[in-house]
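Trainee: Could you take me through this structure? I have not looked at it before.

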Amino acid sequence: MSRLQKFDLTKIIIAAILFATGYGTDIIWFFIAAYAIAGYKTIFEAVMNIIHGHVLDENFLMTIASLGAVYCGDYPEAVAVMMFYQVGEFFEHYAVNNSRKSIADLMDIKAEFANKLVDGKEVTVDPEELLLDDIILVRPGEKVPVDGVVVEGFSSLNTAALTGESVPRDVSSGQEIISGTINLTGALKVRVTKLYEDSTVAKVLDLVENAGSRKASVEKFITRFARYYTPIVVAFAVLMAVVPPLVMPGQIFEDWLYRAMIFLVISCPCALVISVPLSLFAGVGSASKQGILVKGSNYLEALARVNTFAFDKTGTLTTGNFDVTTIHTQGAISEDQLLELAAYGESLSNHPIATSIVARYGKVESGLVTDYAEVSGKGISGIYKGRKLFCGNDKLIKDLGLSWVNPTEIGSVVHVATETEYLGYIVVADTIRDNSASTIEALKADGVTQTIMLTGDRREIAEAVAGQIGVTDVLSELLPEDKVSALESVLGENTKGHLAFVGDGINDAPVLARADVGIAMGAFGSDAAIEAADVVIMTDDISKLVTMKKIATKTLRISKQNVIFALGVKAVILLLGAMGMANMWEAVFADVGVSFIAILNAMRALKL
Amino acid sequence: MKKSYKLENLDCANCAAKMETAINKIADVDSCTISFMSQKMTIEAEDSKMDSVLDTAQKAINKVERGCKIVK
């Protein structure tokens, strides 16, 4: 609590004690003292604002309401109004500062200093002063200040602040590291590759800070509503104070004045206007903590309404790297032996399929394969360990006069045989991510009715992948320029709910822009992706999409709960007040109490 | 050009909304959003007019919440 806040709290406590004493002793001076202490600032502000031309504000309304109560002889109620108003204000400030601080803490990724190495000596500088190619030292426990490349040392980095991942990343010489991560084990010498303002930290901070400027429609509704609400309620208050006593026979002025005062107390829309931005801001903040950067609260809102997810296949649902997925032996040979033969056979080829087989096997010694020959369109042959080997497609095996086994698995096949014997096959495919299937399932459980896969791959491969992970619609064999029109044809049919597109950002800019919410994944440092997308997920972990949708849904639900609750309570008490069935305490609750509850509810969004 | 400024002492969400409406009505302002939570004001206006726009904006802000200052 700041000093100012402590002072405010002290005033409230003193006023409360005086109030209780007054209640107990029934001596009016205690009430007057309590009123003075609780209300002097409010009355002062009201007067100052009127002088500056701004009349209808909270201070004025509370002053008038409490003075009205005094006029009616309800001293305790007058004090209660002022006191509870102060409590409400205090709590509001406390909650807002608290959440601002929580989010600032979440985003505490900026390094305070950098250790620049100048002629072998360390100089402490501000990260913003670093220039390209400067060499800096990052010790264990320190934050990486700017993006760069490790030139010396090896260590692990804690990337949790940026990605939400708890597993540290190992880095060594030659690898790129990004700002905002924390160095854990070994000291690193790093060459600066990006200025602070272009580094990941600056970009992430910028994104999150500016997310509040893109307003969700709920927010816009609330602000427009509040603009009309206050003047209308105040107008009613004035009418109520004046008209019924004049027009209706037997009505006491004080009665209606009291009711008008109640209206004034409820006329402040504070609870609404604070709680909605607060919950959205908290939602954006919690998402950032998980490594999900939402560029605007409007996107958070849109995500809650997404019922269709479109995915780019390669790099998003799959790793984008060819890998050996199946080793099937046919002869009297083990899988390892088959792999060894295939690896050596393919060791002299540069084809991605060949390199992935070699990579899977491990270290291939050079010079052990002789008489290497490529048969174009079919495969290769060579002599290894005294045997002539053939590796290739079914045409190659057919030429040898041997029979082979057709794989059931989808992917690129490499059959292996000697001149006399068919030995088996190896299938190389783009690996589906471990959690793609579970992510799709979780999204469906969360209300996503349609999932679409977009890819340039052949139909069989696309459909097989889709079948394995549970995607409902497949659009395959698409050229890059077809992706947007393919997406549009799906968008056209879908009138309820929004469409989200998930891609790795590299070639997806037009599609990202076209979808209602464009999500770029694994954007660790990719500028183009961060630019084009509406949501940036810092890692390759596709299950983050589920987390994202959950945060969005919950945040929006909290906002709506607050709106309905605040409006509902106010409407009821306004009605009761007009009919003379409500008193000042209830009015104060409708204002302060509702604010209190709405803010508490909004802060739930921080805990997602 | 779009520029962002910090608003000091922005304490009331309702006031932020009122300021935003008032500033949007200023002639040379193309658009303005105020985020109460991040205490930031983003104004889009011509570069050459930005200084005078900020002065007019500050006056509008003073009417709504005394003590709230644009940090230039």
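Trainee: What kind of model is it, and how are things numbered?

Mentor: This is a predicted model, in which local features need pLDDT of at least 70, side-chain atom pairs count only at pLDDT 80 or more, and totals for chains, interfaces and linings use all residues. Residues are numbered from 1 along each chain as its sequence is written, chains are lettered from A and ligands numbered from 1 in the order in which they are written, and side-chain values use heavy atoms, with hydrogens and water left out.

Trainee: How do α1(A) and α2(A) pack?

Mentor: Helix α1 (residues 3–25) of chain A packs against helix α2 (residues 28–51) of chain A at an angle of about 160°, and their axes are 7 Å apart. Helices (H or I, at least four residues) and strands (E, at least two) are DSSP runs, numbered from the N terminus. Axes are lines fitted to C-alpha atoms, for helices over the stretch in contact, and angles run from 0 to 180 degrees between N-to-C directions. The two helices α1(A) and α2(A) are therefore roughly antiparallel; angles under 35 degrees count as roughly parallel, over 145 as roughly antiparallel, 65 to 115 as roughly perpendicular and the rest as oblique.

Trainee: Which residues meet there, in α1(A) and α2(A)?

Mentor: Among them are Phe7(A), Ile14(A) and Leu18(A) in α1(A), and Phe30(A), Ala34(A) and Ile37(A) in α2(A). Contact means heavy atoms within 4.5 Å. The residues of this contact divide into 13 nonpolar, 3 polar and 3 charged. Ala, Val, Leu, Ile, Met, Phe, Trp, Tyr, Cys and Pro count as nonpolar, Asp, Glu, Lys and Arg as charged, and the others, Gly among them, as polar.

Trainee: Moving on, what does α9(A) pack against?

Mentor: Helix α9 (residues 270–289) of chain A packs with helix α20 (residues 544–578) of chain A at about 170°, with axes 9 Å apart. That makes α9(A) roughly antiparallel to α20(A). By class, their contact has 9 nonpolar, 7 polar and no charged residues.

Trainee: And how do α10(A) and α20(A) cross?

Mentor: The axes of helix α10 (residues 297–304) of chain A and α20(A) come within 8 Å and cross at roughly 100°. That makes α10(A) roughly perpendicular to α20(A). Leu300(A) of α10(A) and Met548(A) of α20(A) are among the residues making the contact, which divide into 6 nonpolar, 2 polar and 2 charged.

Trainee: Now the strands. In what order do the 7 strands of the open sheet run?

Mentor: The order in chain A is β10-β22-β21-β20-β11-β18-β19, and the pairing is mixed. Two strands pair if DSSP finds at least two bridges between them. The edge strands are β10 (292–294) and β19 (473–475) of chain A, each pairing on one side only.

Trainee: How many bridges join β10(A) to β22(A)?

Mentor: There are 3 bridges between β10(A) and strand β22 (residues 535–537) of chain A, which run antiparallel. Ile292(A) stands opposite Ile537(A) in β22(A).

Trainee: Finally, what is in chain B?

Mentor: Chain B holds 2 helices and 4 strands, and from the N terminus on its elements run β-α-β-β-α-β. Its C-alpha trace spans about 30 × 20 × 20 Å along its principal axes.
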